[in-house]
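The notes follow in the order I made them.

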Amino acid sequence: MEDGDGDKALRKIGEAFKEIASAVNSQTVDIEVAPFSHACSLVSPLFGCLGIAFKFAEMDYVAKVNDLAKTSSSISTLSALLDHDIEGNCVRKAGSNSRNLLRVKRGLDMVRVLFEHMLASDDNSLRNPASTAYAEVLAPHHGWAIRKAVAAGMYVLPTKAQLLARLNEDEATARIQMQNYINASAPVILYINKLFLTRELGIDW
């Protein structure tokens, strides 16, 4: 994790999504693929820090963020990305940009829900926050084998203190940055949902 400039991981994530959220809130510009995929890439280490329970989610998320980053050289905005797939009749095709975007969005949403439950609990265990976030966001889209593997991995999650140590954070600043991410990611997630729903593409596939 690049940390040479003194910035902490969570602060980088919070600041990156604040910029994306400001574009959403301005309602005058579309979200560009390049800064969006960069902001998403900053979230990737979080999955790794959660250990084996989220190994599949990490691999899936990282691969799809990388694909979106490559796409940014030829397609500039998220709305153009969906329209390009609609024209090519490949929205739901495996490996399509639309499919990748939907799965990356779910990864962002899972982290948002995880942070919400971490902030709401004084417990040092991450099992309840992580189980709730997974069940709410990712489990409905995973098969039995993956759900079972995740459930087993929940027993070897790091503690909250261990997670913050891995992220080079202390509790006080981490709480602020987690709340910043929650506040900034919510409108971004809603924006992406709206891109799909206004095109009648659905978001539950």
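I took a nonpolar core to be a set of buried Ala, Val, Leu, Ile, Met, Phe, Trp, Tyr and Cys residues joined through side-chain atoms within 4.5 Å, where buried means under 20% relative accessible area with a 1.4 Å probe, protein chains only. The model is predicted, so local features need pLDDT of at least 70 and side-chain atom pairs count only at pLDDT 80 or more, while totals for chains, interfaces and linings use all residues. Residues are numbered from 1 along each chain as its sequence is written, and side-chain values use heavy atoms, with hydrogens and water left out.

Core: I found 67 residues in the largest nonpolar core, and Phe17, Phe36, Val43, Phe54, Leu108 and Phe115 have the most contacts inside it. Among the elements that give two or more residues to this core are H2 (33-49), H3 (55-71) and H5 (97-120); helices are DSSP runs (H or I, at least four residues) numbered from the N terminus.

Val43: Leaving aside neighbours within four places in sequence, I listed Ile13, Phe17, Tyr61, Leu108, Val111 and Tyr181 in contact with Val43 (contact: heavy atoms within 4.5 Å).

H2 and H5: The axes come within 11 Å and cross at roughly 55 degrees; axes are lines fitted to C-alpha atoms over the stretch in contact, with angles from 0 to 180 degrees between N-to-C directions. Residues of H2 that meet H5 include Phe36, Val43 and Phe47. By class, this contact has 11 nonpolar, one polar and no charged residues.

H3 and H5: The axes come within 9 Å and cross at roughly 130 degrees. In H3, Tyr61 and Leu68 are among the residues that meet H5. I counted six nonpolar, four polar and five charged residues by class in the contact of H3 with H5.

Definitions and conventions: Buried means under 20% relative accessible area, exposed over 50%, partly exposed in between (1.4 Å probe, protein chains only). Ala, Val, Leu, Ile, Met, Phe, Trp, Tyr, Cys and Pro count as nonpolar, Asp, Glu, Lys and Arg as charged, and the others, Gly among them, as polar.
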